[in-house]
Amino acid sequence: MEQIESPVRNGCVPVPMLWVVVPCYNEEEVLPETARRLMAKLGRLATDGRIDARSRVLLVDDGSRDATWEMIRALASGSLEGVACPAGMFCGISLAHNAGHQNALYAGLMHASDHGCDCAVSMDADLQDDIDAIDEMLGRFAEGAEVVYGVRDNRDTDTAFKRGTARAFYGLMGRLGVEMVPDSADYRLMGRRALEALSEYREANLFLRGIVPAIGFPTARVYYRRGERFAGESKYPLGRMVQFALQGITSFSVLPIRLVTALGVASVVVSVGMVVYALVSRASGDVVPGWTSLMVSVWFVGGLIMVSLGVVGEYVGMTYLESKRRPRYIIGDVVE
C-alpha cells in the first residue's frame, strides 16, 4: 500500500479526544504495568496539548478466566493497588463470552466511536507495541491521515520459523489480491470517519488486517521496534496463528476455489494420459509394469480430492456462519 500524504485538517492541528482500545484475555500479570504506562502516556500528551483531557483507555475483557475483569473494574474506579490513576481515565467493557481477539477489538472500537472519540488507537495488552509511537501517529492524524498503521521496522525478536511463515503469509495474501500492510498487526490509529466506515462491515468472519486497508481514506505509516512480551504467555500459539491465516484467506479471496478447479482440470488431463498409457500397455501385452503408474494415479487423485474437499469445506463453513447472522459478541458488563 502506498502512503498517502494529506493536508493539515481545517488548516490547523486539532486537539482530538483519543481513546486507546486494548483487548484483554487473561492479562492479569501484565495489566497493572500496561495501565501505568498508558496512564503516563495519556497524561503527557494531555499536558502537552496533543489530546483532549477527556481522552481515556478502554479495556475490553474477552471472557477472561482469571482476575482481568476485576482488575479492569478496579482501574475504572481508581482503586487498583499500585496504580494511582485519575478518575475517568480508564473504562471497560466485558464480553459475555470469549468471542476472539478480532471481535473483542471490534467491540472496543465501536464502543469508542459511539461515545464520541475523534480517533482511537488499538493495541494489545502485552506491551510489545511501542507506546511512544502514539505521538507520531497523532502527528500524522493531524496532517490528515485517517488511518495510521504501526509497522514493525524489524523482526529480530521472532524465530526464523515465524519470520519465514510471516513473509510467506503476506506474500500469499498479496498474490490472492488482498490489500494488507506487511508487518502491521492491529496497532493502528483510526479516525472517526474510518471508524464509522468500519461499522458498516457486518460479516461474522472478521479479519481487520484486511478490512481496514479496504476502507480507503488517506493513510500513513509509523515505524517502531517491537519488544518482548512484558509478562504472561502469548495468546497466539502456532495453532491459532494457522487458524487466523485461514480466516484471512477465506475472508477476502475466492482464488483457492478457482485453484481447486484448476487442479481438477489438471487431474483430468493426467487421467487421460494414464488411459492412453494403459491402452498402449495392454496392446503390447506389457500390463504388469502399469501397476506402479496405476497406484501413483490413485493416490494422486485421492489426495487431490481430499484437498479440494477441505478447501471447499472452509468456504462452506464460513458461508454457514454468515448465514446464521448471530451476533459477533454480546457485552455482559460496562464500567465507566
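Guide: Gladly, and let us start with the largest cavity: its lining has 6 nonpolar, 1 polar and 2 charged residues. Please keep in mind that this is a predicted model.

Visitor: Which residues line the largest cavity?

Guide: They are Tyr-149, Val-181, Ser-184, Ala-185, Arg-188, Leu-208, Arg-209, Val-212 and Pro-213. Arg counts as charged, and the lining has 2 charged residues.

Visitor: Which helix gives the most to the lining of the largest cavity?

Guide: That is helix 7, residues 208–215, with 4 residues.

Visitor: What makes helix 7 "mostly covered"?

Guide: A residue is called buried when its relative accessible area is under 20%. In helix 7, 7 of the 8 residues are buried, namely Leu-208, Arg-209, Gly-210, Ile-211, Val-212, Pro-213 and Ile-215. Hence the description of helix 7 as mostly covered.

Visitor: What takes a positive phi just after helix 7?

Guide: Gly-216 does, with a phi of about 100°. Phe-217, in the loop between helix 7 and strand 7, has a positive phi of about 70° although it is not a glycine.

Visitor: How many aromatic pairs does the structure hold?

Guide: The structure holds 2 aromatic pairs.

Visitor: Why is the pair of Tyr-187 and Tyr-224 called edge-to-face?

Guide: A pair of aromatic rings is described by the distance of the centres and the angle of the planes. The ring centres of Tyr-187 and Tyr-224 are 5.2 Å apart, within the 6.5 Å limit, so the rings pair. Their planes stand at 90°, over the 60 degrees required, so the pair is edge-to-face.

Visitor: What makes you say that this pair ties parts together?

Guide: Tyr-187 sits in the loop between helix 5 (160–175) and strand 6 (188–191), and Tyr-224 in strand 7 (residues 219–224), so the pair ties together parts that are 37 residues apart in sequence.

Visitor: Are Tyr-187 and Tyr-224 buried or exposed?

Guide: Buried is the label for Tyr-187, because its 1% relative accessibility is under 20%. Tyr-224, at 4%, is under that limit too, so Tyr-224 is buried.

Visitor: How do you know that Leu-80 is buried?

Guide: The relative accessible area of Leu-80 is 13%, under the 20% limit, so Leu-80 is buried. Leu-80 is in the loop between helix 2 (68–77) and strand 3 (90–95). Not counting residues up to four places away in sequence, Leu-80 touches Pro-32, Met-71, Ala-74 and Leu-75.

Visitor: Why does Met-89 count as buried?

Guide: Met-89 has 11% relative accessibility, which is under 20%, so the label is buried. Met-89 too is placed in the loop between helix 2 and strand 3. Leaving aside neighbours within four places in sequence, Met-89 is in contact with Met-39, Leu-42, Gly-43, Arg-56 and Val-57.

Visitor: And what share of the chain is buried?

Guide: Buried residues make up 45% of the 336 residues in the chain. The chain has 10 helices and 8 strands.

Key: Residues numbered from 1 in each chain as written. Predicted model: local features only at pLDDT ≥ 70, side-chain atom pairs only at ≥ 80, totals over all residues. Heavy atoms only, no water. Helix = DSSP H or I, 4+ residues; strand = E, 2+ residues; numbered from the N terminus. Buried < 20%, exposed > 50% of the residue type's maximum accessible area, 1.4 Å probe, protein only. 1 Å grid on protein atoms, 1.4 Å probe; cavity = no way out; pocket = protein on both sides within 12 Å on 5 of 7 lines; lining within 4 Å. Phe/Tyr/Trp six-rings, centres within 6.5 Å; stacked < 30°, edge-to-face > 60°. Contact = heavy atoms within 4.5 Å.
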